[in-house]
Amino acid sequence: MPSKPARPAYFPTLAAERPDIAMCRAAAYLARAADAHAARHGLGVGQHLVLKMLDAVGPCSQQVLSEELRIDRSVMVNVCDDLERSGFVRRERNPDDRRSYAVTITDQGRERLAEAESTVPSYLDETFAPLTTGERAQLTALVTKLMQL
């Protein structure tokens, strides 16, 4: 029995015509990869990002964390609750606005962040293996530019 000829893949055509769709599919793939990596290392993606930002910029409100990290405010509450329960952050009244809380990374949170950060380079190398170093840099620059809209 003769085999059917291979059907050409449609997605490359669609991606060329609709970069928005291609980016959505790429983002979904990357989100699944990041979640799987995070699950293997016991720190959620959102938790990792919050610790990373707090370590870099110092105490800030949940609202600022939410806006800067593009994490929904209701999700941010749960992320901060989990981090606080684990002893990785503490929340204190914001001295500039008593209606809000300043979230601060703890020494234990810094230690946990360092552990998590140590796994990132190999994860990125694996996830972006199809791209050259130059292509990764170009992709990063383009996505950064898009996110400034």
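The lining of the largest pocket is made up of 28 nonpolar, 10 polar and 6 charged residues, where Ala, Val, Leu, Ile, Met, Phe, Trp, Tyr, Cys and Pro count as nonpolar, Asp, Glu, Lys and Arg as charged, and the others, Gly among them, as polar. The model is a predicted one, in which local features need pLDDT of at least 70 and side-chain atom pairs count only at pLDDT 80 or more, while totals for chains, interfaces and linings use all residues. Residues are numbered from 1 along each chain as its sequence is written, and side-chain values use heavy atoms, with hydrogens and water left out.

**Largest pocket**

- The largest pocket has a volume of about 1800 Å³, a pocket being an open set of points, on a 1 Å grid over the protein atoms alone, where a 1.4 Å probe fits and with protein on both sides within 12 Å along at least five of seven lines.
- Of its 44 lining residues, those closest to the centre of the largest pocket are Leu30, Ala34, Tyr123, Leu124 and Phe128, and lining residues are those with an atom within 4 Å of a point.
- Two or more lining residues come from each of helix 2 (19-41), helix 3 (45-57), helix 4 (62-69), helix 5 (73-85), helix 6 (107-118), helix 7 (120-127) and helix 8 (133-147), and helix 2 gives the most, with 11 residues.
- Helices (H or I, at least four residues) and strands (E, at least two) are DSSP runs, numbered from the N terminus.

**Second largest pocket**

- About 170 Å³ of space lies in the second largest pocket, whose lining consists of Ser61, Gln62, Gln63, Ser66, Arg73, Met76, Val77, Ser100 and Tyr101.
- That lining divides into 3 nonpolar, 5 polar and 1 charged, with helix 4, helix 5 and strand 3 (97-105) each supplying at least two residues.

**Nonpolar surface patch**

- Met23, Leu139, Val143, Leu146 and Met147 make a nonpolar surface patch of about 400 Å², such patches joining nonpolar side chains within 5 Å from residues with over 30% relative accessible area and no salt bridge (a side-chain nitrogen of Lys or Arg within 4 Å of a carboxyl oxygen of Asp or Glu).
- Helix 8 gives the most to this patch, with 4 residues, and Met147, which lies in helix 8, is partly exposed, with a relative accessible area of 46% (partly exposed lies between buried, under 20%, and exposed, over 50%).

**Asn94**

- Asn94 lies in strand 2 (residues 89-94) and is buried, with a relative accessible area of 16%.
- The C-alpha atoms of Asn94 and Pro59 are separated by 9.1 Å, and the two residues are 35 residues apart along the chain.

Definitions and conventions:
Points joined across faces, edges and corners; volume = space filled by probe spheres on them. Patch = residues over 30% accessible without salt bridge, like charges linked within 9 Å, V, L, I, M, F, W, Y side chains within 5 Å. Areas by Shrake-Rupley, 256 points an atom, 1.4 Å probe, with all protein chains shown as cover. Buried < 20%, exposed > 50% of the residue type's maximum accessible area, 1.4 Å probe, protein only.
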